[in-house]
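Good morning, and thank you for joining this meeting.

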Amino acid sequence: MRRPGLLVLAAVMLGLTPDPALAQQRDDLLTLDLYLEWERVSDPQISPDGRQIVYTRRWVDKLNDRWKSFLWIMNADGERNRYLADGSSARWSPDGSRIAFLREGDSEVTQIFVRWMDAEGATTQITRVEKSPSDVEWSPDGEHLAFLMSVPERETWKIALPPKPQGATWTPDPKIVTRLNYRRDRVGFTDDGYRHVFVVPASGGTARQLTDGSWNHNDPSWTSDGKEILFSSLREEDAEHQWRESEVYAVDTESGTIRQLTTRHGPDGGPVVSPNGELVAYTGYDWTDDTFIATKIYVMRLDGSNMREISADLDRRPRNLQWAPDNSGVYFYADDEGTSNVYFASVRGEVRQVTEGSQRLQLSSMTDDLEAVGTLTSAHEPGDVVAFNLRRPEIRQLTDVNGDVLSGRRLGEVEEIWYTSVDGFRIQGWIIKPPDFDAAKQYPLILSIHGGPHGMYGVGFNFAWQNHAANDLGLRERLRQCHQERLSRRGLR
């Protein structure tokens with residue numbers, strides 16, 4: 001039995017400061033200050049005609065200590081790569097004439113904007129809402145946009161506190177928490193509302209709320225006729241106390257009538273409607289109290305009938321389902337033993353791997369001609385935008401956003417290892433060696449452990465670990481000094 005992605009080894013030891021003089025002697029290594037020059041790309045979207053790609057590009061705002069996001073656009077062959085607009089999360093309209101995207105609006109709250117992709121490039125702020133929208137989706141006719149937004153829910157439980165004396169500077173009032181899920185990793189306290197489905201005219205106007213109640217709603221997806229929007233939720237009393245439960249629903253965009261499509265005991269979500277409007281693909285699994293289980297792919301009719309699994313014996317989590325233009329199945333990407341590649345699951349229940357390689361490839365979008373775009377990273381390649389045809393998956397790298405940062409910098413060799421642990425489990429890991437690695441010498445070591453299968457280390461580029469390995473020269477000298485200092489303190493020197 002194998003357990004992928006459980007540990008990473010890097011040739012460095014934490015808690016020690018390299019000698020600055022030694023660090024300055026090596027300008028061919030990856031130094032920590034270069035991270036302030038680092039850029040990230042994400043979410044490439046190819047136009048419906050396959051001619052252009054818009055993507056999000058982020059870099060560090062050094063003055064304000066934060067990442068900033070901008071939209072860039074290029075031809076499908078990577079030519080004319082250029083800045084387009086401030087913002088992120090661009091989505092092409094069905095006819096390719098416009099893009100919808102997110103950026104800060106007049107009120108310093110993120111809003112939805114639409115930009116015409118002609119020579120004029122007129123841009124309109126579509127929403128003026130109080131909370132930040134997300135998950136923007138065009139209607140099939142290009143007339144409306146669906147999105148998710150948190151709607152505050154007033155807390156009725158009050159605590160009477162003594163009044164503050166005039167001019168007092170007390171600490172903030174206590175936060176009243178009555179919900180089970182009230183904070184998240186890397187976010188902190190979540191807001192006091194619930195996510196709901198909205199629609200707004202693509203030309204701008206008043207956003208109209210389609211769902212209600214004390215429930216979160218996720219994964220909006222239009223039906224092909226534009227009459228309904230599918231989403232996942234659990235619209236039941238005490239829903240947050242029902243662990244690993246969710247269902248797929250549909251809401252009528254005119255009347256707001258909601259119907260439930262799934263009833264299985266277990267989580268169901270991420271619905272995507274087939275181009276012909278007959279089938280819905282989604283992910284889920286039968287309920288279990290196991291700490292981890294890989295989700296499966298299912299299809300059902302639009303009325304919720306004839307539900308069946310189509311992911312066969314695939315025991316990896318499928319991500320970002322996208323229907324084939326001929327309705328024959330769905331493309332997706334999945335992680336496996338430190339790598340990520342694209343797969344296809346047919347409606348007949350056959351799964352095949354589309355791309356191969358020691359890489360982390362994420363599929364983002366595709367055209368009716370099966371031209372696809374995504375991001376790719378490998379051991380010595382930071383993430384960049386790539387393109388390929390799903391019939392002939394020869395991957396073409398289109399950007400090189402960190403080539404200037406890495407120019408002249410030598411990286412450590414990355415070696416994959418496997419070993420047998422208790423109960424015969426095979427454990428996978430990677431050793432990152434110093435750029436000047438000499439097998440005859442001894443080096444300091446840091447062991448970074450990750451207990452899968454909930455998460456996975458992998459073959460993607462990791463700035464921190466490469467930087468750790470590049471610090472070996474200074475660390476060895478510092479270790480020697482520390483050792484001498486310890487001997488001196490003990491009177492052994």
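This is a predicted model: local features need pLDDT of at least 70, side-chain atom pairs count only at pLDDT 80 or more; totals for chains, interfaces and linings use all residues.

Strand S7, residues 98-104, runs antiparallel to S8, and seven bridges join the two. The hairpin of S7 and S8 has five residues between the strands, and Glu108 there takes a positive phi near 65°.

S8 also pairs with strand S9, residues 123-125, in the antiparallel sense, over three bridges. Within this pairing, Val114 has Thr124 in S9 as its bridge partner. The hairpin of S8 and S9 has six residues between the strands, and Gly121 takes a positive phi near 65° in it.

How many of the seven residues of strand S8 are buried? Five of them are, so S8, residues 110-116, is largely enclosed by the rest of the structure.

We now turn to another sheet. Four strands form an open sheet in the order S20-S21-S22-S23, with antiparallel pairing. Its edge strands are S20 (268-273) and S23 (308-309), each of which pairs on one side only. Strand S21, residues 279-284, is joined to strand S22, residues 296-301, by six bridges. Here Thr283 stands opposite Ile297 in S22.

Next comes a loop residue. Ser246 is found between strand S17 (228-233) and strand S18 (247-252). Is Ser246 buried or exposed? Its relative accessibility is 17%, and Ser246 therefore counts as buried. The Ser246 side chain reaches the backbone oxygen of Asp268 at 2.8 Å. Among the residues that Ser246 touches are also Gly266 and Pro267.

Helix H3, residues 463-470, is mostly covered, with seven of its eight residues buried. These include Phe463, Trp465 and His468.

Finally, we consider the surface. Trp157, Ile159 and Leu161 make a nonpolar patch of about 320 Å². Leu161 lies in the loop between strand S11 (144-152) and strand S12 (183-184). Leu161 counts as partly exposed because its relative accessibility is 44%.

Thank you for your attention.

Technical notes:
Residues are numbered from 1 along each chain as its sequence is written. Side-chain values use heavy atoms; hydrogens and water are left out. Patches are made of residues with over 30% relative accessible area and no salt bridge: like charges are joined within 9 Å, nonpolar side chains (Val, Leu, Ile, Met, Phe, Trp, Tyr) within 5 Å. Accessible areas come from the Shrake-Rupley method with a 1.4 Å probe; for residues, only the protein chains shown count as cover. A salt bridge is a side-chain nitrogen of Lys or Arg within 4 Å of a carboxyl oxygen of Asp or Glu. Buried means under 20% relative accessible area, exposed over 50%, partly exposed in between (1.4 Å probe, protein chains only). A polar contact is a pair of N or O atoms within 3.5 Å; within protein, one must be able to donate a hydrogen and the other to accept it, and residues adjacent in sequence count only if both atoms are side-chain atoms. Contact means heavy atoms within 4.5 Å. Two strands pair if DSSP finds at least two bridges between them. Lists of a residue's contacts leave out its neighbours within four places in sequence.
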